[in-house]
2 protein chains.
Amino acid sequence: MAIIEKENGVTVLHPLGSQTPPRTWRSWLIGRPLQTADAPHQTIGKAIGLAVFASDALSSTAYATQEILFILAVAGTATFGYAFPISIAIVVLMAIVTISYEQTIHAYPNGGGAYIVSRDNLGELPAQIAGAALLTDYILTVSVSVSSGVAQITSAYPMLYDLRVAIAVVMVLFIMLINLRGVKESGITFAIPTYFFLVMMFLTVGVGFFRYLTGSLGTVPNPPELELHGSLQPVTLFLLLHAFSSGTAALTGIEAVSNGIPAFKEPRSHNAGVTLIWMASILGTLFLGITFLTSQIGGIPSETETIISQLSRTIYDGRGFFYLAILSATAVILIMAANTAFADFPRLSALMAADGFLPRQFTYRGSRLVYSRGIIALAIIASLLIVIFQASVNALIPLYAIGVFLSFTLSQTGMARRWRRSGHLAADQTVSEHGSVLQHDARWKLKMVINGFGAVCTTIVMIVFAITKFRDGAYVVIFLIPLLVFSFWSIHRHYRHLAQRLSLRNYSGAPPRHSRHRVILLIGGVHQGTLAALRYAGLLSDDITAVHVSTNPDEAERVRREWEWWGNGIRMVILDSPYRLLLEPLLAYINEIDARRQPNEIITIVVPQFVPRHWWHNLLHTQTAFWLRMVLLFRPGIVITDVPYQIE
Amino acid sequence: MAIIEKENGVTVLHPLGSQTPPRTWRSWLIGRPLQTADAPHQTIGKAIGLAVFASDALSSTAYATQEILFILAVAGTATFGYAFPISIAIVVLMAIVTISYEQTIHAYPNGGGAYIVSRDNLGELPAQIAGAALLTDYILTVSVSVSSGVAQITSAYPMLYDLRVAIAVVMVLFIMLINLRGVKESGITFAIPTYFFLVMMFLTVGVGFFRYLTGSLGTVPNPPELELHGSLQPVTLFLLLHAFSSGTAALTGIEAVSNGIPAFKEPRSHNAGVTLIWMASILGTLFLGITFLTSQIGGIPSETETIISQLSRTIYDGRGFFYLAILSATAVILIMAANTAFADFPRLSALMAADGFLPRQFTYRGSRLVYSRGIIALAIIASLLIVIFQASVNALIPLYAIGVFLSFTLSQTGMARRWRRSGHLAADQTVSEHGSVLQHDARWKLKMVINGFGAVCTTIVMIVFAITKFRDGAYVVIFLIPLLVFSFWSIHRHYRHLAQRLSLRNYSGAPPRHSRHRVILLIGGVHQGTLAALRYAGLLSDDITAVHVSTNPDEAERVRREWEWWGNGIRMVILDSPYRLLLEPLLAYINEIDARRQPNEIITIVVPQFVPRHWWHNLLHTQTAFWLRMVLLFRPGIVITDVPYQIE
């Protein structure tokens, strides 16, 4: 054990030496432990950044078109022509949000998710609302993406349909494992499938347009049957807005880059900004292309065959090699899209935990320098949702997106307010807060208008979404978010109260020393363990009372006789217990002593506890000390000490 | 709090005063708590004794005949004529066993179950075998009786057939509750149905014989179909012995009285002996009568309609009032027969626990002076068996009876050996052991021959049973009993080892006092809780070291600075933990100190632990102290003390 330094009575030791921890089943599963000092090296460039942070956004092209058609279907297939105009509106919205976020990324080089922006510019309550919205959304990202990925697989292999829930849960656990290994390795793991997906997607859309322009595209052969519940409904504004709301699922994941800036290589803001622009352009292009081609071929929304499957087998004339390639690429990107959430959820929960709004344990970095508890929590909750909703994308979608738009709104409102404050600063004045630097910006009015306009747009979309999808399931989220915010505040109140209570600020110095130390030694019988505890009690104080609870008069008599011989003259109290209770008479006795206690008197209860060789031997003994501890824990000034007596 | 006496420094207190404990949901369910001093009043007379201890034996008339027919059925209905001769053989065996037990009851006025008799006369291993056999059998008594009772109900109301498992489990829990109230009340509860059953059974058999003699009996109308798997088999000796083995289920429960002698009013042996004779006579008469009449009416063994149901509707010409009365009486007696096991299992397990072969907790008398843990354990295991075997009597029977005959054999071998010893005593010599008095008996040779003959008969039956029913399920019990005996011995070894280790016999007196008391104070941060723990540590020793595990260099620096101000000059050690581990560096440090420890030096680790207002707040904190305790529990000479710091 190397002593590192020694000064003013402080010794710094390195007890585990320089050796790395031994290999265990855990290191085999997630890799060998990393030192804290290794942390800064774990960053990524633009190309891998696109794979890690964009898979969520890009993968939504796999289901956004289909969700629009699902809504339009209630008014008949003739309305499917509205899908393309609706998708243009969605892409315009996407552009507005992207430009807004571009400004955020440059203003917040240390990570400018909705939570941080709201906290800095709007205050704690909006920040907690944004936090609740984002955490909900990350969980749904995992559930929706994995479910949709499994739907692609079951489109190609329908006999797997009954196994979809199990497949989806295994996928979630697999992604969890990859993320427990750490961000860099997961970046490489994810880069290959993301780029494979992009290549295949552009190829498919390209071939589709070529065939459309040459007039050889045709329509879906043997399309799935359109399931209609009830009679055809008329085309109303409500219906179109409802379809628009469903399509906004395409926007989910856009904020991922701005949350993840610290994971990028320097210059962070630049790299992240470029990645965001790339991502939005690719996403918009693919989404428009897919929706346009789907309208042309007459694709039908269905639970058993996805739109991507129908599109590909029309473009490639059947279920050949390219069909399987695009479907597996889509399945893999979707399943891996969940990775985006696995990158952001733990980071945000650690941030909120550091602010005291979530349990502190979320700030703990595991052996691989990732926030392991957040990763595990996300995997568990997302798996539960998948099981509850039986891996149905269509059932999960109404819960989704409302949180995204809530966080968009809060983030952009916060940015607008920030530009306004920057405009009021003098030209050379800077304000530094939470690692972001606020300074006068000459174009603050333009920037404020951009973010403000974004905020207005996303607010409207959010309200439209909440109204049109309320009955489909959006109400769950509308009730859930206030509940989460309330929980965060309760946790925060606890930590704040604790900090006040423990604080040494304004602390008047040590109170007078304890004037009397009273030791109560519990004995069940007189044996070597009891005598060991008696010797220990003798170290603590001269004021010792041995207490025996008597449930059996004969035994009490024996204890008394033996104590006279072995008890070193220590006084003994026998508590008569005619109803054969153990704890209750003891508590009554302690209460009595407690009531007559002098100020600054402290009571230590010494419990001899023998430790058997095997843990299961504990089943053969009553655990009095354990229950006593539970009951007395809430009493000030009472300390319980088990004196273990080992039986080797 | 009344002080009762005070002498030689021993004070006897009565902390709960004379008040009875307050009414709780428990006292509402099972009655108000009883004082230990109330125990001797809870005894019963002959009439109630017959109801409590004989319901098991008597109720076996409800299924014994049917089990004989089930076996004979493989050779066709023509063989059913063998049933009556087989039942005569069983009644002869019953008479032999009864006479043997009559001798036991008078020799063991304090309870002479197979366990005690084997322990006194054969040694510990045979006693443990008898204990294992009896405990297994009590459990099966509950499962078989309740299942058969439910079968009577579903014979009358076939639509309840699918609910049979649930009904049976609810019944078991109901009997458990009655038994948790205590033996006297359960005696009265059980007397009425037992006598109702006896009246109805004798009436039915009487009417049956009257109609047989007057030639008006006839055969079963619409008998259930005989289910035959495979082709008819020839009548072999093996088949007849197999049928005989099944029929010996009639003998189960005969030993109950001899186990339960202490529950009888004085003169115990006399009362118990008379009860046994009554019981055996009634049992033999009913069993022969039912088997004879069943052969006459051509009853068919069936899973869906019991023999009792077929017999009654033939005798009473259909499903009228008397049919329902006899069926419900049979159902109730069967379900309540399980009560016999609930009277004996807890008593035997308490006895074995007192001898150190079962966990000591079984000796604990609950608030109603019954061995509540045994009662609850029995209910849980029996319910599990019912669920596993889907409440089928026919599936459970092969597990049953082998344990009974094993205990019969051990008990009677033990008695035979006892008479032999008594013959070798001088006329005025007495030997007292375990509360039974052995003295010279003039007729010891006759008594030895009676018990010896009983032992030989039951040994033969046991071997026949094991062979003929091995494949039906008897093998489970044949493997289970050695396993149980092994477990009992392991438990016993643990307690014996512990007793040796703790014993003060040959103890050389106190070892030298601890020469050095070293206190290690763990600190996560410097706050009021830490300072409270520091003050407490100051009470214990002057040799204090504050230890901080550093997972974050900035925080370690802050702790160090604050400790310089607040630490009262106590030396501090900072343990550097580059892999962010908490426990491991601490353990390495403690190991280091432990290795350099002087003899008789003791180490106390003081852990400040703040106690939140609500238990669930513990989720918001890492439970370092808990894990530390788990890891260090096995180290001699290390005591861990949590100093609670309450946050009110």
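This is a predicted model: local features need pLDDT of at least 70, side-chain atom pairs count only at pLDDT 80 or more; totals for chains, interfaces and linings use all residues.
**Notebook: the cavities**

I started with the largest cavity, and its lining is made of Gln609(A), Val611(A), Asp642(A), Pro644(A), Arg629(B), Leu632(B), Leu633(B), Ile638(B), Val639(B) and Ile640(B). A note on terms: a cavity is a set of points, on a 1 Å grid over the protein atoms alone, where a 1.4 Å probe fits but cannot get out, and lining residues have an atom within 4 Å of a point.

Residues are numbered from 1 along each chain as written, chains are lettered from A and ligands numbered from 1 in written order, and side-chain values use heavy atoms, without hydrogens and water.

The structure holds 4 cavities of 30 Å³ or more.

Which strand gives the most to this lining? I found strand 9 of chain B, with 3 residues (strands are DSSP runs of E, at least two residues, and helices are runs of H or I, at least four, numbered from the N terminus).

Next I checked the second largest cavity, at about 60 Å³. Its lining includes Arg629(A), Leu632(A) and Asp642(B). Here strand 9 of chain A gives the most, again 3 residues. I sorted this lining into 6 nonpolar, no polar and 2 charged residues (nonpolar: Ala, Val, Leu, Ile, Met, Phe, Trp, Tyr, Cys and Pro; charged: Asp, Glu, Lys and Arg; polar: the others, Gly among them).

How values were computed: On a 1 Å grid over the protein atoms alone, a cavity is a set of points where a 1.4 Å probe fits but cannot get out, and a pocket is an open set with protein on both sides within 12 Å along at least five of seven lines; lining residues have an atom within 4 Å of a point. Grid points are joined across faces, edges and corners, and a volume is the space filled by probe spheres set on the points.
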